[in-house]
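Please look over the sequence and the model shown here. The notes on it take the form of questions and answers.

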Protein chains: 2
Amino acid sequence: MAVVAELSSSSYTKTTRLNSSQLSLSSNHLSYLRRRAFRPITRPRNATVSCSITPNQVQAPIAVPAEEPKRKNDCYGVFCQTYDLKAEEETKSWKKFINIAVSGAAGMISNHLLFKLASGEVFGPDQPIALKLLGSERSFQALEGVAMELEDSLYPLLREVSIGIDPYEVFQDAEWALLIGAKPRGPGMERAGLLDINGQIFAEQGKALNAVASQNVKVIVVGNPCNTNALICLKNAPNIPAKNFHALTRLDENRAKCQLALKAGVFYDKVSNMTIWGNHSITQVPDFLNARINGLPVKEVIKDHKWLEEDFTEIIQKRGGVLIQKWGRSSAASTAVSIADAIKSLVTPTPEGDWFSSGVSSCPLNVICYYSQVYTNGNPYGIAEDIVFSMPCRSKGDGDYELVKDVIFDNYLLKRITKTEAELLAEKRCVAHLIGEGVAFCDLPEDTMLPGEM
Amino acid sequence: MAVVAELSSSSYTKTTRLNSSQLSLSSNHLSYLRRRAFRPITRPRNATVSCSITPNQVQAPIAVPAEEPKRKNDCYGVFCQTYDLKAEEETKSWKKFINIAVSGAAGMISNHLLFKLASGEVFGPDQPIALKLLGSERSFQALEGVAMELEDSLYPLLREVSIGIDPYEVFQDAEWALLIGAKPRGPGMERAGLLDINGQIFAEQGKALNAVASQNVKVIVVGNPCNTNALICLKNAPNIPAKNFHALTRLDENRAKCQLALKAGVFYDKVSNMTIWGNHSITQVPDFLNARINGLPVKEVIKDHKWLEEDFTEIIQKRGGVLIQKWGRSSAASTAVSIADAIKSLVTPTPEGDWFSSGVSSCPLNVICYYSQVYTNGNPYGIAEDIVFSMPCRSKGDGDYELVKDVIFDNYLLKRITKTEAELLAEKRCVAHLIGEGVAFCDLPEDTMLPGEM
């Protein structure tokens with residue numbers, strides 16, 4: 001390892017910062033203006049971010065201006081160090097540094113996910129990252145604990161960690177936003193109430209992303225109800241392409257693959273082409289018509305069609321509830337794995353002939369969904385426009401995706417897709433006030449939250 | 001992906017099993033005899049392992065004998081499937097399958113570690129693994145939950161998961177044993193009491209490893225007090241080389257590197273040659289005399305020697321306690337990272353000029369420590385023989401290690417090493433009854449457990 005001199009001049013620091021966050025001075029300035037222009041004036045600012053370097057802990061640097069540490073007041077501990085990333089990038093052929101924002105960062109799902117991101121498992125061993133962690137005032141101390149554990153893990157690819165409670169700060173320049181945090185449902189709260197409470201959070205986070213994130217930020221919404229939260233988020237972020245917003249249905253896809261493997265008596269890596277259609281709720285449609293086992297249609301391999309039609313979907317949906325019974329808590333680890341899978345599916349080319357599921361905007365034909373560009377010629381399935389609907393996708397590994405065209409439908413599949421579509425349209429009417437479509441009218445027929453989720 | 005026919009004949013299954021666990025029929029038979037010969041007759045067997053495939057869930061296989069599922073009664077769910085790993089190994093150039101046993105598998109540290117192991121982050125992307133999870137009767141349901149989450153994660157490298165509460169079953173043919181589970185200290189319990197209670201667990205687990213594990217199994221003891229637990233474990237496993245037993249001091253090493261980086265104002269990857277000497281307790285000695293920053297001795301880079309001598313060690317030791325205060329729970333994630341690091345340090349060559357710390361047997365000169373071989377010419381530091389002492393190690397990446405010879409000492413370092421050595425000798429006297437050295441005599445002067453650990 002080459003010996004790199006300690007950084008001590010402010011001009012050097014500036015260069016390093018520019019390099020490490022891939023910004024030019026002018027875009028930095030633009031970000032600043034956007035952030036100021038869009039920030040609500042009443043935003044609470046009473047929680048501060050502290051750096052674990054205290055004055056008596058750090059030796060007096062030579063030729064560093066006294067105010068230097070304050071300039072990086074959003075960083076945490078060892079991640080406040082400046083360093084010569086450029087030289088290292090050249091040495092190690094690393095890719096350009098990326099900013100990843102994570103909400104609900106003090107929660108259990110994040111506690112698994114953040115270490116996966118830092119390890120290089122998700123974005124690859126040549127991709128340095130910055131983690132920008134969003135918590136709440138209540139969770140701020142826990143957020144510091146998370147940052148300390150990230151420090152102690154010494155992951156070379158993790159070059160910056162910052163923590164905060166203001167999405168307008170934390171989301172700045174984010175190229176990925178993983179929105180995990182959501183309010184859990186309180187006792188006696190109806191789904192409509194949950195939609196409203198969480199909808200407000202996601203409306204605000206959408207506005208913040210729109211104002212300060214990279215204009216090509218990829219957003220994965222995990223907090224429930226995730227499809228409608230993603231819709232609210234994208235509607236409040238008109239400068240970001242609607243196609244960039246995802247609602248996580250990957251855990252459902254993974255569970256569906258596992259159950260088909262179990263039933264067929266094969267290992268799970270033999271199951272492919274698994275689609276989850278629609279909402280991440282009990283109306284979701286795990287598609288055994290198009291899925292394949294060892295390259296063959298599932299119905300040719302699993303002869304027990306009654307099981308496929310009557311039991312398969314229910315087993316997947318009850319999985320989370322069974323896990324809570326057994327394990328005493330919700331499935332944080334496998335949820336984090338599925339978020340990692342969802343990202344990997346967008347940053348690595350989809351294997352030939354296969355696809356993955358993601359809840360994405362169903363309205364690419366509608367140019368109103370987009371700020372500046374049209375992406376595809378529309379969803380090829382006839383699904384209602386302007387909702388976030390889980391569908392089969394393929395990616396070239398560039399962070400983008402296209403919808404898969406060669407899928408088949410039968411009456412059974414169509415009937416179920418229609419049901420989950422109706423639910424998403426009803427959820428949309430419930431949150432009309434949050435997406436600029438007038439007064440909300442909430443006629444959700446039943447509670448369709450998945451067991452074991454909040 | 002090649003289409004592989006479903007396995008349906010018992011002869012095929014047999015071949016697959018032999019291949020996947022790297023056993024010949026004769027070694028299988030030997031394992032069986034060893035297991036039977038060494039098993040205490042009174043072992044409780046009231047918890048059973050269930051497979052998540054129930055009869056009405058699996059379609060009737062063609063030409064599979066009815067008793068086939070019962071033969072794999074220690075596996076879990078989808079991991080009970082037989083499959084043609086051999087064909088896949090040839091296709092993907094995978095290494096030979098390895099068995100990894102983990103105790104305390106339902107706990108939080110394991111909940112992080114198991115997914116790291118399964119992802120390939122630790123043993124590499126070409127190393128298929130089997131996880132053998134040891135829990136307790138109390139935690140058995142949670143263990144099932146862990147296995148379900150591993151199923152749902154679809155890790156291709158994870159080929160088998162089995163769960164159980166009997167170390168004589170779970171440790172069978174283990175090539176790695178990660179002993180994380182230990183009883184926490186109850187209210188008012190003295191360290192001597194903890195040593196005795198956990199000592200009994202590790203004596204039993206040592207006997208079980210001796211009886212049924214691979215005779216070259218590598219053992220990493222995490223459960224506290226880990227040095228003396230490792231000593232008890234190795235003393236109860238005379239057929240396994242003493243050098244194969246490790247007590248985890250890697251989290252201390254990682255924290256020490258981070259604090260030196262913070263103080264010097266450099267990124268943590270600039271700190272190398274960090275030794276933790278002695279016990280994983282507050283007598284531990286983080287060695288700033290031999291450690292280097294950017295290749296230079298720490299004392300040349302950090303001029304504040306008072307901080308090094310008076311504050312540095314205390315900051316590291318208090319880290320766990322501070323984390324509990326902030327985060328509300330112990331540092332499971334970074335502990336799991338440090339276990340992964342400890343394994344990686346043994347299975348990948350140590351970078352030129354660097355080393356890592358591990359608590360290892362201090363008595364390689366004493367052939368009584370070994371069953372069949374002498375490993376090195378002794379510990380070169382003059383540390384008392386026959387204790388488990390953290391020392392600087394290097395590895396060729398073959399799972400083995402050698403002690404580093406070119407370290408320097410000064411009076412300050414020697415004095416502290418003498419203190420931690422005295423503590424380990426005192427702990428050893430406390431557990432004399434568990435290591436075949438007569439009656440225990442416990443004169444531990446004070447409680448030296450690290451804050452935040454149990």
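Predicted model: local features only at pLDDT ≥ 70, side-chain atom pairs only at ≥ 80, totals over all residues.

Residues are numbered from 1 along each chain as its sequence is written, chains are lettered from A and ligands numbered from 1 in the order in which they are written, and side-chain values use heavy atoms, with hydrogens and water left out.

Q: How many residues of strand β3 (residues 158-164) of chain A are buried?
A: Buried means under 20% relative accessible area, exposed over 50%, and partly exposed in between (1.4 Å probe, protein chains only). Strands (E, at least two residues) and helices (H or I, at least four) are DSSP runs, numbered from the N terminus. β3 of chain A is largely enclosed by the rest of the structure, because the buried residues number seven of the seven.

Q: Which residue of β3(A) is the bridge partner of A:Leu131?
A: Two strands pair if DSSP finds at least two bridges between them. Strand β2 (residues 129-134) of chain A runs parallel to β3(A), and six bridges join them. In β3(A), the partner of A:Leu131 is A:Val161.

Q: Which hand does the β-α-β unit of β2(A), helix α6 (residues 140-152) of chain A and β3(A) have?
A: A crossover is right-handed if, with the strands pointing away from the viewer, the path from the first strand over the helix to the second runs clockwise. The unit made by β2(A), α6 and β3(A) is right-handed.

Q: How many disulfides does the structure hold over all chains?
A: A disulfide is a pair of cysteine sulfur atoms within 2.5 Å. A:Cys430 and A:Cys442 form one, with sulfur atoms 1.8 Å apart. B:Cys430 and B:Cys442 form one with sulfur atoms 1.7 Å apart. Over all chains the count is two.

Q: Why is the disulfide of A:Cys430 and A:Cys442 right-handed?
A: A:Cys430 is buried, at a relative accessible area of 6%, whereas A:Cys442 is partly exposed at 37%. The disulfide is right-handed because the torsion about its S-S bond is about 90°.

Q: Is B:Cys442 buried or partly exposed?
A: B:Cys430 counts as buried, at 6% relative accessibility. The relative accessible area of B:Cys442 is 38%, so B:Cys442 is partly exposed.
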